[in-house]
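Hi,

Here is the structure I promised to pass on.

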Amino acid sequence: MNQFDRRRPISCAAPGTKLSRHAALRSQQRSMSSDIIDAVIDFGQERHAGRGCFSYAFTDRTWRRFVEQMGSDARGLERARNAYVIVAENGLVVTTAWIH
């Protein structure tokens with residue numbers, strides 16, 4: 001694959017999570033760490049986002065489940081409650097953003 005191909009996936013700090021170049025740029029610009037991205041994907045509610053993509057975001061119920069599982073470590077990821085992540089059907093993170 002060409003090193004300048006914009007669709008080339010980039011590895012996130014957490015093993016197994018792949019970011020598109022766009023997602024890597026947006027997560028950096030929006031100060032969204034790989035821990036937040038992984039928490040939203042692992043615990044957030046999945047919804048269809050169109051064009052074969054899925055949106056992940058916390059609801060009150062999924063946030064409570066996350067806090068129960070993480071315990072005191074959840075305090076360090078409080079910002080994750082307002083994040084959402086768009087993931088393609090193949091598992092590639094397409095973009096990340098904050099809910100305003």
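Before the rest, a word on the source. This is a predicted model, where local features need pLDDT of at least 70 and side-chain atom pairs count only at pLDDT 80 or more, while totals for chains, interfaces and linings use all residues. Residues are numbered from 1 along each chain as its sequence is written, and side-chain values use heavy atoms, with hydrogens and water left out.

**Overall layout**

The protein chain has three helices and six strands. Those are DSSP runs numbered from the N terminus, with helices being H or I of at least four residues and strands E of at least two. Read from the N terminus, the order is β-β-α-α-β-β-α-β-β. Of the 100 residues in the protein chain, 40% are buried. If you take contacts (heavy atoms within 4.5 Å) between residues at least 6 apart in sequence, 46% of them join residues at least 24 apart.

**The salt bridge**

Back to aspartate 60. Its side chain meets that of arginine 81 in a salt bridge, at 3.0 Å from N to O. The term covers a side-chain nitrogen of Lys or Arg within 4 Å of a carboxyl oxygen of Asp or Glu, and the count by that rule is one. Arginine 81 is partly exposed too, at 32% relative accessibility.

**The aromatic rings**

How many aromatic pairs does a search of the whole structure find? The search turns up four. Rings of Phe, Tyr and Trp (its six-membered ring) pair if their centres lie within 6.5 Å; planes under 30 degrees apart are stacked, over 60 edge-to-face and the rest tilted.

One of the pairs is phenylalanine 43 with phenylalanine 66: the ring centres are 5.0 Å apart and the planes stand at 65 degrees, so this pair is edge-to-face. It connects distant parts of the chain, as phenylalanine 43 sits in helix H2 (residues 34-43) and phenylalanine 66 in helix H3 (residues 60-70), 23 residues apart. Both phenylalanine 43 and phenylalanine 66 are buried.

Phenylalanine 66 also pairs with phenylalanine 58, and here the geometry is tilted, with 5.4 Å centre to centre and 50 degrees between the planes. Phenylalanine 58 is buried as well. Ring pairs join Phe43, Phe58, Trp63 and Phe66 into a cluster.

**How H2 and H3 pack**

The axes of H2 and H3 are 10 Å apart and the helices pack at an angle of about 115 degrees. For this, axes are lines fitted to C-alpha atoms, for helices over the stretch in contact, and angles run from 0 to 180 degrees between N-to-C directions. From H2, the contact is made by Ala39, Asp42 and Phe43; from H3, by Thr62, Arg65, Phe66 and Gln69.

**Helix H1 and serine 27**

Helix H1 (residues 21-29) has Ala23, Ala24 and Ser27 as its buried residues. Looking down the axis of H1, these fall within an arc of 100 degrees, so they line one face of the helix; the arc is that of the directions from the helix axis to the C-beta atoms.

Serine 27 has a relative accessible area of 7%. Not counting residues up to four places away in sequence, it touches Leu19, Met32, Ile37 and Thr96. The C-alpha atoms of serine 27 and threonine 95 are separated by 7.5 Å, although these residues are 68 apart along the chain.

**Two positive phi angles**

Most residues other than glycine have a negative phi. Serine 31, in the loop between H1 and H2, has a positive phi near 50 degrees. Arginine 51, in the loop between strand S3 (45-50) and S4, has a positive phi of about 55 degrees and is not a glycine. Arginine 51 is exposed, with a relative accessible area of 87%.

**Serine 55**

Last one: serine 55 lies in strand S4 (residues 53-57) and counts as buried at 17% relative accessibility. Beyond its neighbours within four places in sequence, serine 55 is in contact with Gln45, Glu46, Arg47, Ala49, Tyr84, Val85 and Ile86.

Cheers

Conventions
Buried < 20%, exposed > 50% of the residue type's maximum accessible area, 1.4 Å probe, protein only.
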